[in-house]
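Please read these notes with the model open beside them.

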Amino acid sequence: FIYTVDMTDSLKDLRDQKKNKWHLLPYCISFLFSSVFIFYLVFNFSNYQSPQKIVEYGFSFGFLILLVLPTVGQIFQPQLNIKSTEKRALVEMPKLKLVDIEKYPRAFENYYNDNFGFRDLLIQIGGYLKVVIFNASPDQDKTVMGYDKWVFLSGEFYGVIQDIKRENLLSDDQLKKKVEGWVQKRNVLAANGIKYYKAIWPEKHNVYPQYLPLSLKLQLKDTLSKTDQMILGLQKIDSSLEIIDVRKELIEAQKTTQVYLKNDTHWNDYGAFIGYQKLMQTISKDFREILPLKTLEDYHIKWEESSFGDLFGMMGINEAERFTETIPNFVPLGKSQEIVSMPTDSYPPETVFHRNNNNKDSLRVIIFRDSFTRNLVKFISPHFHEVLYIWAPYDSSIVEAYKPDIVIECFVERRFE
């Protein structure tokens, strides 16, 4: 119709109207028609006295309420104390432009899908019912429910399914280029008197494959993984640069102790402590002054209830009381060291900068990391004078400005490259 009739003047008039005069019109019309139909059902209820009719029209009435609910919420915009779990900016209201008129319906649909009334509430209710009743994730391309209330990353979004099916392997040229880049980085740092270490933290499904759902177990290949490929490739080119790999230790430990969180992608303090020991054992070969390393006897392990993990957040569920788990919190015994948090204004977001004034050595460390290293901070910081935890990939400009003694890169498998 728009392409066969010249509506330029009409559309121009509509575009020039003030928003507060027109933007509620579609919602008001929708609400009006829905209300008329509901009132029709209510006032004619006496004609439908049979149980079957009552049930039929009860379902119809409930369905209409669900249809009208988003429109009512869009009009009146009630303030609900519900926090969105989405880590992205929602789509804004598109502007109506004649030159892009054919794109407007899709753009408005995207806007409405992100902003309809009671959206956060309905997403949480829908996600909660799907998890509780059907033991299924509302978003199968990001998360999946496993056995014994274990939840895992899934699908192609985070590259998990590619890892499980071994579809993410590097070509020989890609592997060589990547490994040579690491060796070159190590050599440049060594020329400036800086030691370089690289660690990889295992994915949850590689430590706990026994709790994966059958759909993923059937696709799991027990062959050379991408992580194996990179470790072996580095050994062939330069065996003096070691990738610190804790998969074996974690897989052995999980037979007797839970080392990852059920509701979260990350390890718990037990898993992080195992990673800390392997990392610091490697560093202590070059820096004896950081010894002695901590053991389990140096901590009081306090068990705490937790009902939230990032995997439920990905499902749109803020509260998950039905899925509580007891998690360990490692509290140091003895005299606590005075670790001071330093200003991080000149560094990337989420940077943590610790200084230990009681430490006898003068070692300064930069750790380029992801969220997996959060649990490691309390274990690592006491061993050095300063530690700068940068939540970002390697940045040579930060290294040149800070002039550390040690640089560590440690990332979970899916972000290791």
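1. Aromatic cluster. W150, F152, W201, Y208, Y211, Y260, W267 and F372 form one aromatic cluster. Rings of Phe, Tyr and Trp (its six-membered ring) are paired here if their centres lie within 6.5 Å, with planes under 30 degrees apart counted as stacked, over 60 as edge-to-face and the rest as tilted.

2. Basis. This is a predicted model, in which local features need pLDDT of at least 70 and side-chain atom pairs count only at pLDDT 80 or more, while totals for chains, interfaces and linings use all residues. Residues are numbered from 1 along each chain as its sequence is written, and side-chain values use heavy atoms, with hydrogens and water left out.

3. Main core. The largest nonpolar core has 58 residues, of which W201, V259, Y260, W267, I283, F384 and I408 touch the most other members. Helix α13 (residues 269-284) gives the largest share of this core, eight residues. A nonpolar core is a set of buried Ala, Val, Leu, Ile, Met, Phe, Trp, Tyr and Cys residues joined through side-chain atoms within 4.5 Å. Buried means under 20% relative accessible area, exposed over 50%, and partly exposed in between (1.4 Å probe, protein chains only). Helices (H or I, at least four residues) and strands (E, at least two) are DSSP runs, numbered from the N terminus.

4. Contacts of W201. Which residues does W201 touch, not counting those up to four places away in sequence? They are V246, W267, G275, L279, F372, T373, L376, C410, F411, V412 and E413; contact means heavy atoms within 4.5 Å. Another core lies apart from the largest one and has 26 residues, including V183, I231, I366 and A392.

5. Aromatic pairs. The count comes to 26 aromatic pairs. One of them, Y299 with F330, is tilted, at 5.6 Å centre to centre and 50° between the planes. This pair links distant parts of the chain, with Y299 in strand β5 (residues 299-306) and F330 in strand β6 (residues 325-332), 31 residues apart. Y299 is buried at 8% relative accessibility, and F330 is buried at 2%.

6. Salt bridges. The structure holds 16 salt bridges, a salt bridge being a side-chain nitrogen of Lys or Arg within 4 Å of a carboxyl oxygen of Asp or Glu. D269 and K378 form one with an N to O distance of 2.5 Å. The pair links helix α13 to helix α15 (residues 377-380) across 109 residues of chain. D269 is buried, with a relative accessible area of 6%, whereas K378 is partly exposed at 32%.

7. Further charged pairs. D163 bridges to R166, with the closest N and O atoms 3.9 Å apart. D163 is buried at 8% relative accessibility, as is R166 at 15%. E167 and K165 meet in another salt bridge, 3.4 Å from N to O, and K165 is partly exposed at 26%. K185, K198 and E409 are linked in a network of salt bridges.

8. K226. Is K226 buried or exposed? K226 counts as buried because its relative accessible area is 14%. This lysine is placed in helix α11 (residues 226-237). Leaving aside neighbours within four places in sequence, K226 is in contact with N168, L169, L170 and E417.

9. I317. I317 lies in the loop between α14 (310-314) and β6 and is buried at 1% relative accessibility. The C-alpha atoms of I317 and D120 are separated by 9.4 Å, while the two residues are 197 apart along the chain.
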